[in-house]
Amino acid sequence: MGTLDELIDSTASATGLDPEDVRAFAATAERREYPAGAVLFHESTPREWAGIVVEGQIRITSGLTGHMTELALLGPGSLISELALVDDTPHTATARSVTGAVVLTVPKASLRELAVAHPDRYYRMVSRVAQLVAHRMRSVSAQLSATIAAQRQLGGIRTEHDSLGARELPAEAYYGVQTLRAVENFQISGVKLRRFGHLINALAHVKKAAALANAELGSITRPKADAIVAACDELLVGRLREDFIVDMVQGGAGTSTNMNANEVIANRGLELMGHRKGEYQFLHPNDDVNRSQSTNDVYPTAVKLGVYLSLQDASAALGELQNALRAKAVEFGDVIKMGRTQLQDAVPMTLGQEFGAYAVMIGEVINHLRRIGGDLLAVNMGGTAIGTGITSPPGYAELVTVKLAEITGLPITQAENLVEATQDSGDFVAVSATLKRAAVQLSKICNDLRLLSSGPRAGLGEINLPAMQPGSSIMPGKVNPVIPEVVNQVCFQLIGFDMTVTMAAEASQLELNMAEPIMAYDLMMGTMMLRNAAVTLTSRCITGITANREHCRDLVAHSIGLVTALVPKLGYEQSAAIAEEALHTGASVYDLVLERGAMTKAELDDLLSPENMTAPRARTS
């Protein structure tokens, strides 16, 4: 967009807000840039800011499973996360940039300052925002109702044929005969393609790029290309998802998925051209939508892109988890506790150091996921059947890759060798291994949370996890650590997925890997579960953890391990003697040191201060 004044005028015009109110709102804003596919916030996470879209588009969706519902598309001048002005409820939807975006964000602290300094202005904005949100919810409700009604309209049957013969289909269905055969053949997992919105979007991007390249090279007519592009654009805003009905686990190296996409796009394209579904003489699923393509380049490219987008989601959710852990590290920075090795008392530390270590672990996970995700952007589009490019025109492979990069806003490149890229699933193995590493680290954190909160009377009891639900059908008052438990189980599943992906990649033979569908399922499901686990752990556990400060300090005072901290001051022999007496008498090390006069209370308390207990300390005589 242009100047700040133009943005303010645009926002005021679009929302009905007073331009001066918008100007005051934007005065303390921070400019944030988001790359293509980046998540601005996740559903159910806390609202941390309100903002104005400056450049690009932001897609608002609901649903934390793979089946997302499109709610709105926000452009320059639109308010975003404006409910932060109204209350402290969590986000009810997820926001994601489409091909990159710039947003002016005002943090909650600045909003509170505005409410105090200019209450009239602030509450004028709150009133108008409430009206806008109510209007948006009515629009969304009407949209969803219309979609459901349209899905229930029946229109008889139509007949389609393929090389195996003719079959009848529901007249209203956008899928075709090959999709129908796939549904009959592969009743395996019960998890349909429509569950994974990123994979459908990736297929739409691939088919759109192919249509644009084919039109530019004269392989299909411009009207056909326009119809394909328009149908793909509808897919990209969440329409027609219910017609992606093939099982994710299938034979044929992904052919059923590719044909499901080809048929839905062709039939919607036919409608846009003024024809009926199934009139393939005007726009054919194979001859036109699949022109210059094979399942063997479309499917792995779409899976790579879908997994990449899912990794962006997971990384964003893990970033929120890391921030929550960092906040707890600061909050608990003055809480002395006992560190443990092999579940035995070791040496004192702070609870803040413990949570700070967890934050670093999650940071490592994010860095590795982002690095490995970049490898997925080298694709084999244009390789067609086995990487040789048969049936495609000269220059197509290079052009379709450029088109795919342009329409996604991602740095997609052509694989170095298309024959190799068509048969080698090494990138999927690397991603899966990185997800396994993430699972191991995340599960370790959850193990610790369960141990540290164990009790509350007969366990460690150093922290309190927020109570989410009653813990037993027989034991009154019991509250279980259900959130870390469910995240542990997600991690176990990710570790299992890695073995499946490894074996499936090894199953590649000669010029093609037939087992890509199970890799696609495991990677798409795995990244979705990792994202949801991180969101759940953050919002339903980490942010609500409290410390039992006095109990932590009391454990330190009574721990034999405390003597290790005394060695620099008292020496090894005297410290060992105190430890032995404490062990045999049950007295606390703290009390014995004072009884022996080895240190004054002031000296001992100084030694036990967080700044002295958690850093190197010189030996004194």
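Visitor: Why is T422 called buried?
Guide: T422 has a relative accessible area of 0%, and buried means under 20%, with exposed over 50% and partly exposed in between, using a 1.4 Å probe and protein chains only; therefore T422 counts as buried. The model is predicted, so local features need pLDDT of at least 70, side-chain atom pairs count only at pLDDT 80 or more, and totals for chains, interfaces and linings use all residues. Residues are numbered from 1 along each chain as its sequence is written, and side-chain values use heavy atoms, without hydrogens and water.

Visitor: What makes the approach of L418 to T422 a polar contact?
Guide: The backbone oxygen of L418 lies 2.6 Å from a polar atom of the T422 side chain. A polar contact is a pair of N or O atoms within 3.5 Å; within protein, one must be able to donate a hydrogen and the other to accept it, and residues adjacent in sequence count only if both atoms are side-chain atoms.

Visitor: Why is the pair of F332 and F355 called edge-to-face?
Guide: Ring centres of Phe, Tyr and Trp (its six-membered ring) must lie within 6.5 Å to pair; planes under 30 degrees apart count as stacked, over 60 as edge-to-face and the rest as tilted. For F332 and F355 the centres are 5.4 Å apart and the planes at 70°, so the pair is edge-to-face. Both residues, F332 and F355, are buried. Ring pairs also link F332, F355 and Y358 into a cluster.

Visitor: How do you know that the charged end of K277 sits over the ring of Y174?
Guide: The charged end of K277 is 4.4 Å from the centre of the Y174 ring. The rule asks for NZ of Lys or CZ of Arg within 6 Å of the ring centre and within 35 degrees of the ring normal.
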